[in-house]
Structure formats: C-alpha cells, structure tokens
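I opened my notebook to look up a few things in a structure that is new to you. Have it open beside you, and let us go through the entries together.

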Amino acid sequence: MRLNHSSHTPWIFPPSPGSEPDFRLFCFPYAGGGASIFRQWQEHLPVGVQVCGVQLPGRENRIAEAPHTDLRLLVEQMFAGLLPFLNKPFAFFGHSLGAKLAFELARLLRKKHQPQPRHLFVAGSRAPHLREPRPLHQLPEHVFIEELRRYEATPEVLLANKELMAFYLPLLRADFTVDETYVYAEEAPLPCPLTVYGGLADKEVAQEELETWQRHSTGVFCCRMFAGNHFFIKSAQDLVLVELRRHISGLLRQPESDRSHAVISGQTPAHADRASERFGGNSLPSP
C-alpha cells in the first residue's frame, strides 16, 4: 500500500510526509497531552524511522472535536484511522494513558489479523490488569485541581487561571475517565517484545507495578528506570531517547524473521526477560 496525500489522517500530527519511511514509531500521549509532545523526537531517532505522534480528539489541531470518554471506542476509531499507515514495520510507544491505548490497539490489530507492532514500549503506567487505586475523574473541581498539582505536570500559572482551566478541565476529565474506567479483559499475551520505562521518583506508579507488564508479552521483556517523577519522559528526555534509539537501532538490524524475538543488550532471552536497569544522575545507558 503506497500512501498519497489523501491518506493523511487527523490521527497523526504533524501529518505524515509523502515519502515512505523504513519504519514508523507511533507515539501515544498521556492524559491531557497532544501529539506535539513528541515533535522533537524525530531528530533523535535513526534515519529512516518516522515518529508518528498520535493525535486524540479534543486538542491541538483537533480542538473542535469532543474528547472521548470510552477507551474501547477510542481504540476502534484509532484502528480505522491508523490502519493505512501500518504498511511498514512499526512499533508503539505510549506514556501513562497512552500505554493503555497502545496496548489495546496492539490487541485489536491481532484480533483483526492485521500487522503487529515489532515492539511495544510503555512508560509511566501500571500494568493493564491493575486497576487505578485513586480515581480522579469524578472529583469536585477544586479537589481535582489539587490532584493535578500533585502530578507536577500542569504549570501553576495554568492551574491558577480560572478561565483557562474552564477550557482545559473538560479535556482532562475526559482523558482521566478514559484511563480510570478502562476494564481489562483477559487475552493471550502479545507476541512482541515489551519494554517498560519508569521514573524512580514516580509517586503514581511503583516499579513493581511496572514490572507486572511482563505477563502481557511472550517476547523479551525489560524494565528501564530513569531519574524523575511521573513525567520523566520530559525531565529525562535525552536519556529516554538515547535508550529508545538503542532499542530501535537494534530492531532495525535484525532479520525480519527474528524481530519479534529481539534480544536486548546482547543478553540471552532467559536473562533479558528479567532485565532491569536504572539511569539517572551521571549514569548513562551503554551505547
């Protein structure tokens, strides 16, 4: 399938260029976030890899659309919008809410006998079978705003501006509803390798909750921990991208038939299944 101008979709922002890449990395944002958070990633990844920021309704170039409140309906619509762009090898990356979206989209692709991601990267999200212990989406406004402060992601100047928050709160509530009302359904594990990234100072998701993602893949699993809180993908972005580049470069070097059984850092699968590393301070991942 060769893409043309008519194949552009609001689900990818910025729009996909006309040229065909060798590999696509689809990136799914956290609650309240837009695809633009991944815009700088393109320059840090190998030549031939296209970063596709997945744009959800209700933000940025889709601000006129109502945000979704049901995860499964949202994933079904993403499936229809992104399917024409799965004509090249690809991987998924999702942070927080985006991790659940990436996971469920991978499972829907399998159900519909469509191409599968070569690798699933999830960050800042407890494993999908674990329920959210402190739901926020139905809290009174003033309590909800205080909880947002605890996340340390929304600028104080925005939280203190009632007019801006009146505009932004419905989107946040909708995204939190998508995340917190999600109900996991038992299925066979995915066959692709699965890598989990976490923040060492994340108060929302413990490392143990990250490591339980292992049950959702029969491929190689590893957990990487970075300095930072729940939004370490911003504060430790350079380290995260170095690590992500390393993974994807290794994936690109592997024969097509072996890509679903990647071995991380030269380890055997038995050791890689339990791999866990920490990056922070002056510590850097090996090249």
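**Entry 1: the aromatic cluster.** I started with rings, and found that Phe38, Trp41, Phe93, Phe121, Tyr197, Phe226 and Phe232 form one aromatic cluster. I was working with a predicted model, where local features need pLDDT of at least 70, side-chain atom pairs count only at pLDDT 80 or more, and totals for chains, interfaces and linings use all residues. Residues are numbered from 1 along each chain as its sequence is written, and side-chain values use heavy atoms, with hydrogens and water left out.

My rule for a pair was that rings of Phe, Tyr and Trp (its six-membered ring) have centres within 6.5 Å; planes under 30 degrees apart are stacked, over 60 edge-to-face, and the rest tilted. The count by this rule is 14 aromatic pairs. One of them joins Phe38 and Trp41, edge-to-face, with 4.9 Å centre to centre and 85 degrees between the planes. Are these two buried or exposed? I call a residue buried under 20% relative accessible area, exposed over 50% and partly exposed in between (1.4 Å probe, protein chains only). Phe38 is buried at 2% relative accessibility, and Trp41 is buried at 1%.

Next I looked at Phe93 and Tyr197: their ring centres are 6.3 Å apart and their planes stand at 50 degrees, so I noted the pair as tilted. Phe93 lies in strand β3 (residues 90–95) and Tyr197 in strand β5 (residues 194–199), so this pair ties together parts that are 104 residues apart in sequence. My helices (H or I, at least four residues) and strands (E, at least two) are DSSP runs, numbered from the N terminus. Phe93 is buried, with a relative accessible area of 0%, and Tyr197 is buried at 0% too.

**Entry 2: strand β5.** How many residues of β5 are buried? I found 6 of its 6. Leu194, Val196 and Gly198 point one way from β5, while Thr195, Tyr197 and Gly199 point the other way.

Then I checked its partners, taking two strands as paired if DSSP finds at least two bridges between them. Strand β4 (residues 120–123) pairs with β5 in the parallel sense over 4 bridges, and Tyr197 is the bridge partner of Ala123. Strand β6 (residues 221–226) also pairs with β5 in the parallel sense, over 6 bridges. There, Val196 stands opposite Cys223.

**Entry 3: charges over rings.** I looked for NZ of Lys or CZ of Arg within 6 Å of a ring centre and within 35 degrees of the ring normal. Lys112 lies over the face of Phe79, at 5.4 Å from the ring centre. Arg173 lies over the face of Phe144, at 4.6 Å from the ring centre.

**Entry 4: helix α2.** I found that 13 of the 15 residues of α2 are buried, so the helix is largely enclosed by the rest of the structure. Helix α2 covers residues 97–111. Just after α2, I noted that His113 takes a positive phi of about 55 degrees.

**Entry 5: cysteines.** How many disulfides does the structure hold? With a disulfide taken as a pair of cysteine sulfur atoms within 2.5 Å, I found 0. Cys27 is in no disulfide, and the nearest cysteine sulfur, that of Cys52, is 8.0 Å away. I noted Cys27 as buried, at 0% relative accessible area, and Cys52 as buried at 0%.

Technical notes: The expected span of a helix is 1.5 Å times one less than its number of residues.
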